[in-house]
Amino acid sequence: MREIDELVQMEEPAWPELRKMVADGSVPVQVLPADAGEGRRCLLQMQVTARSVLGALALHTGGLLVDDGWVRVFGGGPGAATGLPSLAQVNRFSAEFDPGWHPATGLVVGHDVVGGVFALNGGDPAAAGRPGAPGQMTYFAPDTLAWEAMELGHSGWVAWLLSGRLETFYDGLRWPGRRAEAAALDHSQGIAVYPFLWSEEAHADLAATSRRAVPMREVLGVAAEAARQAGAGDAGFLGEV
């Protein structure tokens, strides 16, 4: 175990470069205010340093709202003030440092507003039913109800989010007017789409679906239950929101 000062007081911290990436990125990004205590709690439990992008997000931001809020990247809170949970809250960290705790199926690091989940694989993805290699990103896709390997580490994922390639990634999951709908959400809300995104009707004509703002936990819960009923298996932990 490394103490918090060892994790924070690092040469070449990642935050200056991350801040520049956000400013220079080709998509709009809102940086939410951080809570210093919550950020340090995140670092201590994850045992990552301020030299990592994951550590910089926890220590210096309350999260990122990417592409008019379509993607939410978790940081150091405070959830009560913004509606967006911290990494500690979304991953159910103990109130005090627990040396025996680890994310059994992976660390949830981001959501999108239609129920997609971005998670960082743990040490044995196959045992957790996840694709990809240890330490790589995976995505729970709400239109297929399955996890997909992204073949990126966490820092590469953040750079990819800011690169302007989201339009291609979300091809078939976005509709005319989606920017205004996403931007109007409270940070604790997501968008419920009906017919569901995994249905033939939605695949055929997404623009014709009806949509409404609902609590994000409802969006995730419906997708998880649909995965079970469809025989896709247990989606596993999708984050506490």
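1. Glu151 sits in the loop that runs between strand E7 (146-149) and helix H7 (154-161). Helices here are DSSP runs of H or I with at least four residues, strands are runs of E with at least two, and both are numbered from the N terminus. Glu151 is not a glycine, yet its phi is positive, about 60°. Its relative accessible area is 64%, so Glu151 is exposed. The classes are: buried under 20% relative accessible area, exposed over 50%, partly exposed in between (1.4 Å probe, protein chains only).

2. On provenance: this is a predicted model, where local features need pLDDT of at least 70, side-chain atom pairs count only at pLDDT 80 or more, and totals for chains, interfaces and linings use all residues. Residues are numbered from 1 along each chain as its sequence is written, and side-chain values use heavy atoms, with hydrogens and water left out.

3. Glu12 also has a positive phi, about 55°, and is not a glycine. Its place is the loop between helix H1 (4-8) and helix H2 (15-24). Glu12 counts as exposed because its relative accessibility is 61%.

4. A cis peptide bond connects Tyr194 to Pro195, with omega about -5°. Pro195 belongs to the loop between strand E8 (189-194) and helix H10 (200-204).

5. How many aromatic pairs does the structure hold? There are 13. A pair needs ring centres within 6.5 Å, taking Phe, Tyr and the six-membered ring of Trp; planes under 30 degrees apart are stacked, over 60 edge-to-face, the rest tilted. Tyr139 and Phe169 form an edge-to-face pair because their planes meet at 65°, with ring centres 5.0 Å apart. This pair links distant parts of the chain: Tyr139 is in strand E6 (residues 137-141) and Phe169 in helix H8 (residues 166-169), 30 residues apart.

6. Tyr139 has 2% relative accessibility, so it counts as buried. Phe169 has 27%, so it counts as partly exposed.

7. Both rings belong to a cluster linked by ring pairs. Its members are Trp70, Phe118, Tyr139, Trp157, Trp160, Phe169, Tyr170 and Trp175.

8. Arginine charges over rings deserve a look. Arg174 lies over the face of Trp70, a cluster member, at 4.8 Å from the ring centre. The charged end of Arg130 sits over the ring of Trp147, 3.7 Å from its centre. The criterion is NZ of Lys or CZ of Arg within 6 Å of the ring centre and within 35 degrees of the ring normal.
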